[in-house]
Structure formats: structure tokens, C-alpha cells
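I opened the notebook to write down what I looked up in this structure. The entries follow in the order I made them.

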Amino acid sequence: FRRIVFIIGGVLPDTAWFKTLLERPLNPDRLYCDTEVAAVIESKKSLKLFPSTQYGRSKGDLGLIFDREIEIESLEVDNQGRIAIPSGADIDKAESWLLERLIKKSDSFIARHFHRRISLAISRHLVSTPISPNLWTIFSVGIGLSSAPYFLSSRAVDQFTGAILFLIHAIIDGCDGELARLRFQESGIGMKLDLWGDNLVHAAVFFCIGIGWWIGDQGKWPLFVTAIAIAGVLWTAWLVYRKSVLWARNGTPSFSSVVRTRSSRISKIMDALGNRDFIYLVLLLSVFGKVYWILPLTAVGSPIFALVLLYLGRREEEE
């Protein structure tokens, strides 16, 4: 079968709306219409299309005439997933609308009202440059890794410098996904690079915090706590990676978790705990030169977090 999508001029789609037209199961040889702005048909037969104004009751109507009789059905999609741009004066409004659609529902309050405002402003300028999403991921990871050595020091000024770089990494890290969705360049390689790049930064930061703590304490137990913290972080990353690869093979959108549903209370709690707002705790502790306090919390929390994700993932598979 071959699928053909028709969209009238002056309509700007977001990724989710466009993917609905491309991927939703359809009966063959039927024309499915999204009101009067888009239509999609799937057929093995050759189709000849003749643009027509015969049905042009208004400027926005989608008038299509085929070389044979085609049954027409309505296509239920999110009408908020596209915007009409009738004139050049509305381009700025359309651009702002498209950028706002990049905000994820799972974003925390801080991410939505602080991180995204900065990352979207950067992405607005990056989208017209040759910089690819994967190249930006590598740049972001470089910023994050550059923060790690500062945590080897027990001096508050050094730890604070590292925390600022760590925060910058967390903010600009959102630009790669925004660029990918803006340009329809989402890919499995990009997902893997982003996932493991972020966790490489986290592991490097925790490792350097632990080494700095060990140097100042002269005991072995800081190394033990650090090892547990890093193992918990990497375990969680592995669980998410395995599920993301599986969903990609099945054509299912990936999430930053091992569950697709967000209906249960525990899933929502895990989403909230899985964000990177802990970086602000790192920033606060660094002011007092006590950034190593984050490691016991991570050593306890990350394995528990991984176990709960594993439980949720298995429960979802059984359902």
C-alpha cells in the first residue's frame, strides 16, 4: 500500500498531528479528511488527482477530485496539532505556537517555566543553522562533562562553578530534542545518544563528587556509597534504554521511563521523581561546599527508583 497525505497551503503541523496522518491504521481506498485542511488515503491502485475549486465554498476548503469514485470518511485527530498561516504577518505567531508545542506534559514546574523558556529561545535560533540535533547533544554532553572535575575540590567556589556548568548542561540539553521535533529529524540514534550522554554526565559528576569526598574523608565508605549511586543511575538508564529500543521496533513513541501509561498515581509520582530538578539541590549544597551530601540520597533513591520502574514495566506488560 502507498499512503498519500494532502495538506492545504498555509497549514503548519506539529510532529504528533503529522505522524497521526502518516501512521494511523486506515481502510484502503478511502479518503479520510481532517475537517477542510488535510486528507489522507492509502491504496495499492494508481491514483490520478485533479485539484479543483468545485468544492471551494470557502478559501480553506480542501477540494480534491480523483479519477475514480472515492468513499470519504472523517479523520478524528487533535485539531490543536496544526495552525493556519493565512498571511506572512502571522509567521511569528505560528513560530511561537510551534515552539510551545515542544513543551512536554511530563516536564516539571521548574523545567516548564524556566528550562524550557531558555532552551526554546535557543532552539528558535538554532533551527535555521546547519547544527544537527546529534551535534548539539554532543556539545551539551561536553558542557556537562566539563563540570565534573570541579567537584573533586572541597572548596565551595569550585563546587558552585561545577554546579553552574551542570545546570547549563541540563538546560541546553533540551534543545536537541526540540530541534529534532521541529525538523522531523527524530531518530533511534539520536534517542540513544541523548539517553546515554545524559547518564554519562551524571555518572561522571557523581564519580568526581565521590572522589572528592573520599579525598577529604580519608575513608573507604564514600567510595562504596558512590559506587551504589552510580550503579543505581546506570541501572535505571538501562531499563529505560531497553524499553525504548523495544518500543521503537514496534513503532511506539519512546518515553523517559519504562511505562507508556501515565494514568496511575505511582506512574505520575515516578515521572515527577525522574526529572532533573535534583540539580538545584546540587547547586544549593555547593554554596556550602557540601555537594557530597547528594550521594547518600542518590545511593538510597536510585536503586529504589529502578526497582519501582521495573515493577511498573512488568505490570504493564501483563496488562
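**Entry 1: a residue on the surface**

I started with Leu284, which is partly exposed at a relative accessible area of 49%. I noted that the model is a predicted one. Leu284 sits in helix H10.

I found a nonpolar surface patch made of Phe160, Ile164, Ile168, Leu281, Leu284, Val287, Phe288 and Leu297, with about 710 Å² of accessible area together. Helix H5 (156–172) and helix H10 (278–287) are the elements that give two or more residues to this patch.

**Entry 2: the nonpolar core**

I then turned from the surface to the inside. In soluble globular proteins, nonpolar side chains tend to be buried together. Here the largest nonpolar core has 28 residues. Those with the most contacts inside this core are Phe151, Val205, Phe206, Ile209, Val282, Ile294 and Leu295. I listed the helices that each supply at least two residues of the core: H5, H7 (188–217), H8 (221–249), H10 and H11 (294–318). H7 gives the largest share, eight residues.

I also searched for aromatic pairs and got seven in the whole structure. Ring pairs join Phe166, Phe206 and Phe278 into a cluster.

**Entry 3: helix H6**

Is helix H6 enclosed by the rest of the structure, or open? Eight of its nine residues (174–182) are buried, so H6 is largely enclosed. The buried ones are Gly174, Cys175, Asp176, Glu178, Leu179, Ala180, Arg181 and Leu182. Cys175 has a relative accessibility of 0% and therefore counts as buried. Just after H6, I noted that Phe184 has a positive phi of about 60°.

**Entry 4: salt bridges**

How many salt bridges does the structure have? The count comes to three.

I took Arg116 and Glu178 to begin with; their closest N and O atoms are 2.6 Å apart. Arg116 belongs to helix H3 (residues 109–126) and Glu178 to helix H6, so this bridge ties together parts that are 62 residues apart in sequence. Arg116 and Glu178 are both buried.

Another bridge joins Glu42 and Arg3, with the closest N and O atoms 2.9 Å apart. Glu42 is in strand S4 (residues 38–43) and Arg3 is in strand S1 (residues 2–7), so I recorded a link between distant parts of the chain, 39 residues apart. Glu42 is buried, with a relative accessible area of 16%.

Asp158 counts as buried at 18% relative accessibility.

**Entry 5: cysteines**

A disulfide is a covalent bond between the sulfur atoms of two cysteines. I checked for disulfides here and the count was zero. Cys33 is buried, with a relative accessible area of 16%.

**Entry 6: a pair far apart in sequence**

Last, I looked up Ser153, which is in the loop between helix H4 (133–147) and H5. Ser153 is buried, with a relative accessible area of 18%. Ser153 and Gly289 are 136 residues apart in sequence, while their C-alpha atoms are 8.8 Å apart in space.

Conventions
Residues are numbered from 1 along each chain as its sequence is written. This is a predicted model: local features need pLDDT of at least 70, side-chain atom pairs count only at pLDDT 80 or more; totals for chains, interfaces and linings use all residues. Side-chain values use heavy atoms; hydrogens and water are left out. Patches are made of residues with over 30% relative accessible area and no salt bridge: like charges are joined within 9 Å, nonpolar side chains (Val, Leu, Ile, Met, Phe, Trp, Tyr) within 5 Å. Accessible areas come from the Shrake-Rupley method with a 1.4 Å probe; for residues, only the protein chains shown count as cover. A salt bridge is a side-chain nitrogen of Lys or Arg within 4 Å of a carboxyl oxygen of Asp or Glu. Helices (H or I, at least four residues) and strands (E, at least two) are DSSP runs, numbered from the N terminus. Buried means under 20% relative accessible area, exposed over 50%, partly exposed in between (1.4 Å probe, protein chains only). A disulfide is a pair of cysteine sulfur atoms within 2.5 Å. Rings of Phe, Tyr and Trp (its six-membered ring) pair if their centres lie within 6.5 Å; planes under 30 degrees apart count as stacked, over 60 as edge-to-face and the rest as tilted. A nonpolar core is a set of buried Ala, Val, Leu, Ile, Met, Phe, Trp, Tyr and Cys residues joined through side-chain atoms within 4.5 Å.
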